[in-house]
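Please keep the sequence and the structure in view while reading.

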Amino acid sequence: MRGDGIRARKALGQNFLTDRSVLSRIAALVNAGTGERVLEIGPGKGALTSYLAEQAGRLVAVELDDRLVPLLRGSFADNPRVTIIEGDILDLDIRETLARYGTPPWKVAANLPYNISTPVLFRLLDVRDLFTRLVLMLQKEVGDRLAAGPGGKEYGVLSVLFQLHFDVTRELLVRPGSFHPVPKVDSVVLSFVPLAQPRVDVGDEDYFRRVVKASFAMRRKTLWNCLKGGALGVPTDGIRDALARCGIDEGRRGETLSLQEFALLTKGLLAAGGTLPPRAP
Ligand code: SAM
């Protein structure tokens, strides 16, 4: 492979995918037609990029490592449908950047750098209206959290916030031997299909996020203990009343609440006067 002499940088989460069967399965999941546009995050040495470049009508790949960018540009120099952007996906205005290369919808493909996967997920969540499908390789533990239902230890903030807006499917388990250098953990490929409408009406999404985060802030504590200190703008009696009116026992733990129950609770707390503290200027 081109770039064999370039040493992987741990700080950039560089574990390059070398297993052809996994690469072709990810490309098949992306399933980009000739008229479709794809954003790839972290193309690395271009292993997945090559597969995507064969399919897509337009491929924009964002890579932070300035050693890899010239290599990628050289590899795809004869393909005018491929653009390599040198940049940090966490700094880039994704909406504005993609608008320069084509109108939505886009698909997203990535073997994400695991050290920044959660902030990248939140950036993608905020611009989900641009996408018809995301196919993301993640550390198995993070993937399990995204796909988890209520009741288990994997279920948490990521599960609730993503399942509000996406159908999340666990597609493929990938073992460490499929990468170079070999990581210490298993990986998983997930697909995300954005819903036309949120799965449930949550009243006010910023407030909903605050309620969910407060509910999981101390996992071993009861919902009541989590919410009473959660800066939700409701006096403690009001929180107790809202829980009772929603039929949610205050002694339950956050991890037992379904998405529907979080929505109900959010609306109950809003009805009790709940507000977010003003943002710092
Ligand atoms: N897609 C390649 C593959 O599958 O072999 C590389 C995947 S590797 C796990 C993650 C890639 O993301 C690396 O190439 C790394 O340099 C790049 N990367 C790390 N942080 C980044 C960031 N903030 N913005 C864009 N790319 C980043």
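This is a predicted model: local features need pLDDT of at least 70, side-chain atom pairs count only at pLDDT 80 or more; totals for chains, interfaces and linings use all residues.

## H165 and its surroundings

H165 is a buried residue, because its relative accessible area is 4%, a value to be read against the cut-off of under 20% that defines burial. When neighbours within four places in sequence are left aside, the residues in contact with H165 are L125, R128, V193, P194, L195, P198 and E205.

The domain assignment of the chain gives domain 1, covering residues 10–194, and domain 2, covering residues 205–271. To the contact between them, domain 1 contributes 16 residues and domain 2 contributes 14 residues. The centres of domain 1 and domain 2, taken over C-alpha atoms, are separated by 33 Å, and the two domains bury about 1100 Å² between them, with 65% of that area on carbon and sulfur atoms.

Between domain 1 and domain 2 the count is one salt bridge, and six residue pairs are in polar contact, where both residues have pLDDT 80 or more. On the side of domain 1 that touches domain 2, the elements giving two or more residues are α5 (117–126) and α7 (157–165); the largest share, six residues, comes from α7. By residue class, that side of domain 1 divides into eight nonpolar, five polar and three charged residues. A salt bridge is formed by R209 with D126, whose closest N and O atoms are 3.3 Å apart.

Helix α2 spans residues 47–55, and its buried residues are A47, L48, T49, L52, A53 and Q55.

## S191 in strand β9

S191 is found in strand β9 and counts as buried, because its relative accessibility is 2%. The side chains of S191 and E171 are joined by a polar contact of 2.5 Å. With neighbours within four places in sequence left aside, S191 is in contact with R133, L134, V135, D167, V168 and T169, as well as with E171.

## Backbone features in loops

Two cis peptide bonds deserve attention when the backbone is inspected. P104 and P105 are joined by a cis peptide bond with omega of about 5°, and P105 is found in the loop between α4 (94–99) and β5. The peptide bond from H180 to P181 is likewise cis, with omega near -10°, and P181 has its place in the loop between β8 (179–180) and β9 (187–194).

A further backbone feature concerns N31, a residue other than glycine whose phi has a positive value, near 50°. N31 lies in the loop between α1 and β2, and this residue is classed as exposed because its relative accessible area is 54%, where the cut-off for exposure is over 50%.

Notes:
Residues are numbered from 1 along each chain as its sequence is written. Side-chain values use heavy atoms; hydrogens and water are left out. Domain bounds come from an automatic or database domain assignment. Contact means heavy atoms within 4.5 Å. Buried area is the accessible area (1.4 Å probe) that two parts lose on being put together, summed over both. A salt bridge is a side-chain nitrogen of Lys or Arg within 4 Å of a carboxyl oxygen of Asp or Glu. A polar contact is a pair of N or O atoms within 3.5 Å; within protein, one must be able to donate a hydrogen and the other to accept it, and residues adjacent in sequence count only if both atoms are side-chain atoms. Helices (H or I, at least four residues) and strands (E, at least two) are DSSP runs, numbered from the N terminus. Ala, Val, Leu, Ile, Met, Phe, Trp, Tyr, Cys and Pro count as nonpolar, Asp, Glu, Lys and Arg as charged, and the others, Gly among them, as polar. Buried means under 20% relative accessible area, exposed over 50%, partly exposed in between (1.4 Å probe, protein chains only).
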